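Please look through the structure shown below before reading the notes that follow. The points are grouped by topic, so that each can be checked against the picture.

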Amino acid sequence: LAMTDVDREQHEAFGKRANGRVWDLLGQAERTADEDRELVDAVHASLWHWRYAGTLLHEQRGEWLVSHVYALLGRANAALAHAQRCWDLTTEAGIEGFDYAYACEALARAHAIGGDAENAAQRRDRAEAAASKVADDEDRAIFEGDIAAGPWASLGYKSAGDPPT
């Protein structure tokens, strides 16, 4: 990407701050409509800054996070568009392991939110299979916690531990 009037170090600092704000907002038990708007703004700001400061892996992870935010907000089309971009970056770069599992999870969750249970289940199975091969126990546990968290609308349960209704 062409550099903006902000240098790489500034992009990195702003990217970290925006990313941190996203996770702060996601960590809240409840958010207001204004906080949800801030969440969307912050996640896009984080992705934009990391495109200039980071690597392709940073961009892939940023696309995952944007998709994740939209899925949690129930905005299926946006979640799917960013999940697909995350997937495209993953496959184009040959990204494997932990980040491959997350790319599968993003597509699974976006399809679930959009009501496409068949694609959601297939992608979720792929994500879980990929995660089972992640060698680092801590990384695998982080992924398992994330995939267990809701929502999984079209699959009939709010989280992985809940049986389908």
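How many residues does the largest nonpolar core have, and which of them have the most contacts inside it? In this predicted model, the largest nonpolar core has 38 residues, and those with the most contacts inside it are Val22, Val69 and Phe143.

**The core and its contributors**
- The elements that give two or more residues to this core are α1 (8-26), α2 (33-53), α3 (56-72), α4 (76-93), α5, α6 (117-132) and α7 (137-148), and α5 gives the most, with eleven residues.
- Phenylalanine 143, leaving aside residues up to four places away in sequence, touches Phe98, Ala101, Tyr102, Glu105, Ala127 and Ala131.
- As a general background, nonpolar side chains in soluble globular proteins tend to be buried together.

**Helix α5**
- Just after α5 comes glycine 115, which takes a positive phi of about 90°.

**Overall fold and surface**
- Of the 165 residues in the protein, 40% are buried, while the protein exposes about 8600 Å², of which carbon and sulfur atoms supply 49%.
- When contacts between residues at least 6 apart in sequence are considered, 60% of them join residues at least 24 apart.

**Cysteines**
- The structure holds zero disulfides, and the sulfur of cysteine 86 lies 9.1 Å from the closest cysteine sulfur, that of cysteine 104, which is too far for a bond.
- Cysteine 86 counts as buried because its relative accessibility is 0%, and cysteine 104 is buried as well, with a relative accessible area of 0%.

**Confidence in the model**
- The protein averages a pLDDT of 90, and 90% of the residues score at least 70.
- Over residues 157-165 the pLDDT stays under 50, and for this stretch the model has 21 contacts beyond four places in sequence.
- Where pLDDT is low, the predicted coordinates should not be read in detail.

Note on methods
Residues are numbered from 1 along each chain as its sequence is written. This is a predicted model: local features need pLDDT of at least 70, side-chain atom pairs count only at pLDDT 80 or more; totals for chains, interfaces and linings use all residues. Side-chain values use heavy atoms; hydrogens and water are left out. Helices (H or I, at least four residues) and strands (E, at least two) are DSSP runs, numbered from the N terminus. Buried means under 20% relative accessible area, exposed over 50%, partly exposed in between (1.4 Å probe, protein chains only). Contact means heavy atoms within 4.5 Å. Accessible areas come from the Shrake-Rupley method with a 1.4 Å probe; for residues, only the protein chains shown count as cover. pLDDT is the predictor's confidence in each residue, from 0 to 100. A disulfide is a pair of cysteine sulfur atoms within 2.5 Å. A nonpolar core is a set of buried Ala, Val, Leu, Ile, Met, Phe, Trp, Tyr and Cys residues joined through side-chain atoms within 4.5 Å.
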